[in-house]
Amino acid sequence: MDNRFKVIEIVDLIIRLFLIGLLLAWCFLLIRPFIGIVLWGIILAIAIFPLFLWLKNLFGGRGKLAGVILTLLGVGVIVGPVSIIATIFVNNAQTFADSLASGSLAVPPPPEGIETWPVIGERINRIWELASVNLASVLGKFKPQLEALTKNLLFLAANIGVVLLKFIISIIIAGILVMNAEKLNSRIRQVFLRITPKQGQEFLQLATGTIRGVTRGIIGVSALQSLLIGIGLLLGGIPFAGLLTLLCLVLTIIQIGPGLVVFPAIIFAWSTMGKLTALLFTLWMVPCTLVDNILKPILMSKGLPVPTIVILIGVLGGTLVHGILGLFIGPVVLSLGYELLVAWVNQDLQPNTD
C-alpha cells in the first residue's frame, strides 16, 4: 500500500508540475509580442527617473504632472521629427529598391574643380570617378547580398508605422512607471534580495547604474546625434537622407561614429551646392558630428561601462530578436547582463573575512 501511495503522489506531482508549466508557457506566449515594448518602457523609466525627480521638485511635488509632461515630450519627439525622418526613410528605401532592381543605380561623375582642392582634391576626384565608372560591375558582384538588404529595408519601411507606435507605447509605459516608482522600487528590491540575499541591494544599484549609463550615454547620445544629423541631411537635400540617418544611428551606437556618413555628405555639398549653402551645411554637420565628445563625458563620468564588442553584439542580437526596437534594447540588456556577471564573479573570488 505504501508503494502505491508513493506512486500516486509522484503522479499527482507530475500532473501539477505539467499544469503549472503549461500555464507559464501559455502566459509567455500571450505576453511574448509585448516583451520588447514593455522592456524598452522599463529601460526608459529607469533612465529618465532622475529627470522626473527634478521636474517633480520643480512643480512642487506634483509627480503626475511631471510624468505627463515627460510623456508628452517623448511622444512629441516621435510624432514630430522622428516621424518625418521615418517618412523620408520609407521613400528612400523604395527608391533604392527600384533603382537596384532596374539597374539604374549609379554614381554621377565628379563635378569639375574637385581635383583643384588642396591636399585631398586629386584623391577624392580619382575615387569618385572610379566609382562612377565601375559601380555597376561592383554592385553585380554583391547582387545576392544587395537583394537581401533591399528586402530587409522594404520590410522595415512597410512596418515603420508599427515601429513608431511601439516607441510611443513604450514612452507611455515609461511615464506610468515613473509616476509609480516608489511602489515598484520596493518590489524590485524584494526580487533582487530573494535572488541573492547578500548582494541584492548592491546588484540592484549596479543594474540601475548600468542601465542609466548605457541608455543615456550611448543610446541617448546616439539618438540625439543621429536626429540632428538627419535634420541637416534633410535640409541640405542630400540623397537618401533617411537611409543615411539610420546608418548614422547604427554607427554611433556601435561606437564607430557618424563620420563615415557626414564627411562624404559634406564633400557632396561642396561639390553640388553654392558656397554659402555648403558652408552653412558644414557649420551644422561638424558640430553635430562632434557633439558626442561633449555629451558622453557628462553622461558617462566613468567612461564606457562595458567593452565595445558587447555593445556590438547587443545591437546585432537585439535587432535580430526585436527588430528596429532591438537596436536600442539589445545593447542595454546585454550590457546589464555583462556587468552583473562580472560583479558576481568578482564577488565570488573575494576572500571570506568572516
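## Reading helix packing and burial

Q: What makes α10 and α11 count as being in contact, and which residues meet there?
A: In this predicted model, G259, V262, A265, I266, A269 and W270 in α10 meet K275, A278, L279, F281, T282, M285, V286 and T289 in α11. To count as a contact, heavy atoms must lie within 4.5 Å. Sorted by class, the contact of α10 with α11 has 10 nonpolar, 3 polar and 1 charged residues.

Q: How do you know how α10 and α11 are directed relative to each other?
A: Let's start with the general idea. Two packed helices are described by the angle between their axes and the distance between the axes. Helix α10 covers residues 259-272, and its axis lies 9 Å from that of α11, at an angle of about 170°. An angle over 145 degrees counts as roughly antiparallel. Therefore α10 and α11 are roughly antiparallel to each other.

Q: Which residues of α2 and α6 meet?
A: On the α2 side you will find I37, V38, W40, G41, I42, L44, A45, I48, F49 and F52. They meet K166, F167, I169, S170, I171, I173, A174, L177, V178 and M179 in α6. By class, the residues of the contact of α2 with α6 are 17 nonpolar, 2 polar and 1 charged.

Q: Why is S226 called buried?
A: S226 has a relative accessible area of 3%. The cut-off for buried is under 20%, so S226 is buried. You can find S226 in helix α8, residues 200-236. Not counting residues up to four places away in sequence, S226 touches T245, C248, L249 and T252.

Q: Is V163 buried or exposed, and how do you know?
A: The relative accessible area of V163 is 12%. Because buried means under 20%, V163 is buried. V163 sits in helix α6. Leaving aside neighbours within four places in sequence, V163 is in contact with L156 and I324.

Q: What makes L280 count as exposed?
A: L280 has 51% relative accessibility. Exposed means over 50%, so L280 counts as exposed. This residue lies in helix α11, residues 275-290. The C-alpha atoms of L280 and A269 are 10.0 Å from each other, and the two residues are 11 apart along the chain.

Q: How many helices and strands does the protein chain have?
A: There are 14 helices and 0 strands in the protein chain. Reading along the sequence gives the pattern α-α-α-α-α-α-α-α-α-α-α-α-α-α.

Q: What share of the residues in the protein chain is buried?
A: Of the 354 residues in the protein chain, buried ones make up 36%. The protein chain exposes about 21,500 Å², and carbon and sulfur atoms supply 70% of that area.

Q: What part of the contacts with a separation of 6 or more comes from residues 24 or more positions apart?
A: Such residues account for 71% of those contacts in the protein chain.

Technical notes
Residues numbered from 1 in each chain as written. Predicted model: local features only at pLDDT ≥ 70, side-chain atom pairs only at ≥ 80, totals over all residues. Heavy atoms only, no water. Helix = DSSP H or I, 4+ residues; strand = E, 2+ residues; numbered from the N terminus. Nonpolar A, V, L, I, M, F, W, Y, C, P; charged D, E, K, R; others polar. Buried < 20%, exposed > 50% of the residue type's maximum accessible area, 1.4 Å probe, protein only. Areas by Shrake-Rupley, 256 points an atom, 1.4 Å probe, with all protein chains shown as cover. Axes fitted to C-alpha atoms, helices over the stretch in contact; angles between N-to-C directions. Parallel < 35°, antiparallel > 145°, perpendicular 65-115°, else oblique.
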